[in-house]
Amino acid sequence: MNLDPLDDILDDFLLGSISDEQSARLQQALQTDPAARSQFVRSVLADVRLRSLARSGAVLPAPESLPVRKAAQWMPFGAGGLWRLAFAAAGLLAAGAITVLYVTHRDTGTAAPIKAPASETATADGWIRSADAQAGTFILVGHEDDAPQMRFHVGRATGERETTIFLENTHSDFQTAIQPNRLARVTYIKTGEGLLAQEVDVMLPPDPQ
Amino acid sequence: MEPSDLVRQFVQHRDVLYGYIFALTRDHHAAEEILQELGMSILTEANRGTTPDSFMAWARGVARHRVADHYRRLGARRRHEARFEQFANAVDVAFAEQAPTPQDNQQQLQFLRECVERLTLRVRTMIDLRYRGEKSMDEIAAAMQWTAGSVKVAMSRARRTLGECVDRKLRSEEGSR
């Protein structure tokens, strides 16, 4: 809960929902209190800057601009330790998968090659629009109505690494985690068959506070 | 001040002028339109050879006239004229005292960009819906499966978190000088 009355008034001011009474109090504060004038200008300009960043796509990149970050670049932001832990787990799994493929290939000569080099790894954030557990595919979109869709498949074919799926930072499976109207971050590579999800982090819709 | 300086100064200060206009209108669409009108007015004055002593004080004055024109077009100004004048005076004093330089404004924008990247995906989604998607609180609430009240609280917290983050970076920057 916001305990500072001026903060409350400024929040409503910026949301365009300020009441006449709040407006009168704001005006009085601006006329009499230099600290209030400073806070007012800082709040207004911060709001303008935030809008400017959002409109440039810097707050939440739209799918059409993806891939926007390689794995090493998106590690530092987000939910901090949990994301890093997930990334480290993905790295270990990738190393394990490469080792298994190498051993398999050496012994039998039948394993398929990894379908894309690790350097093509990218991430995409968005909403899950639809999911087909049987086919192992799902569609991710940005929040805009006209945002293009990105169709991913999970690793099932021979030689493909099995996709690691997290639901709220806990290991999960396709059917449980990948459902419409959930937020997801997908780490993927491009292959001849499309976009292969290597890791999917799904967030449940938050509980109303 | 040379006449051509007017246009250069407008370009340099346009973000702060936009903030000033937005403070008077609380309407981003109106503020964008009025900023364009302000740009045209400044271009006209530059061609006339106008050379104000203080660009920002002069530009705020021109902007304020354009805002008054905006309210007149809406037919709302007459009813709220006295209140608008008083509020505009207070806002004018605030911006005269507190407006950052273009360099400081750019630095704060960069710091804000860095701070936004530290927010959770949920919060960034909410901000994106609000500022890029131009969704209302109710629309954001529906999209996020929150209540409108929760969105308002979360938005307030996000603004505060970002403000504190930018302040920390500014203090750190000042300390390293």
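At what angle do α3(A) and helix α6 (residues 121–131) of chain B pack, and how far apart are their axes? The two helices pack at an angle of about 95 degrees, and their axes are 9 Å apart. Axes here are lines fitted to C-alpha atoms, for helices over the stretch in contact, and angles run from 0 to 180 degrees between N-to-C directions. α3(A) is therefore roughly perpendicular to α6(B), a class that covers 65 to 115 degrees.

This is a predicted model, in which local features need pLDDT of at least 70 and side-chain atom pairs count only at pLDDT 80 or more, while totals for chains, interfaces and linings use all residues. Residues are numbered from 1 along each chain as its sequence is written, and chains are lettered from A in the order in which they are written.

**Contact between the chains**

In the crossing of the two helices, L50(A), R51(A), A54(A) and R55(A) of α3(A) meet I127(B), D128(B) and Y131(B) of α6(B). Contact requires C-beta atoms, placed from the backbone, to lie within 7 Å. By class, the residues of this helix contact are 4 nonpolar, no polar and 3 charged. Ala, Val, Leu, Ile, Met, Phe, Trp, Tyr, Cys and Pro count as nonpolar, Asp, Glu, Lys and Arg as charged, and the others, Gly among them, as polar.

The contact of the two chains takes 39 residues from chain A and 49 residues from chain B. On the chain A side, two or more residues each come from α1 (5–15), α2 (20–32), α3 (34–55) and β6 (183–191). α3(A) gives the largest share, 15 residues. The chain A side divides into 23 nonpolar, 8 polar and 8 charged residues.

**Chain A**

Chain A has 6 helices and 7 strands, where helices (H or I, at least four residues) and strands (E, at least two) are DSSP runs numbered from the N terminus. Their order from the N terminus is α-α-α-α-α-β-β-β-β-β-α-β-β. Of its 209 residues, 33% count as buried, that is, with 20 or more other C-beta atoms within 10 Å of their own. Among the contacts in chain A with a separation of 6 or more, 58% join residues 24 or more positions apart.

Strand β3 (residues 149–154) of chain A pairs with two strands, listed below; pairing needs at least two DSSP bridges.

| Strands | Direction | Bridges | Bridge partners |
|---|---|---|---|
| β2(A) (residues 137–141) and β3(A) | antiparallel | 5 bridges | T137(A) and H153(A) |
| β3(A) and β7(A) (residues 194–203) | parallel | 3 bridges | H153(A) and L196(A) |

How values were computed:
Parallel < 35°, antiparallel > 145°, perpendicular 65-115°, else oblique. Buried ≥ 20, exposed ≤ 12 C-beta atoms within 10 Å, placed from the backbone.
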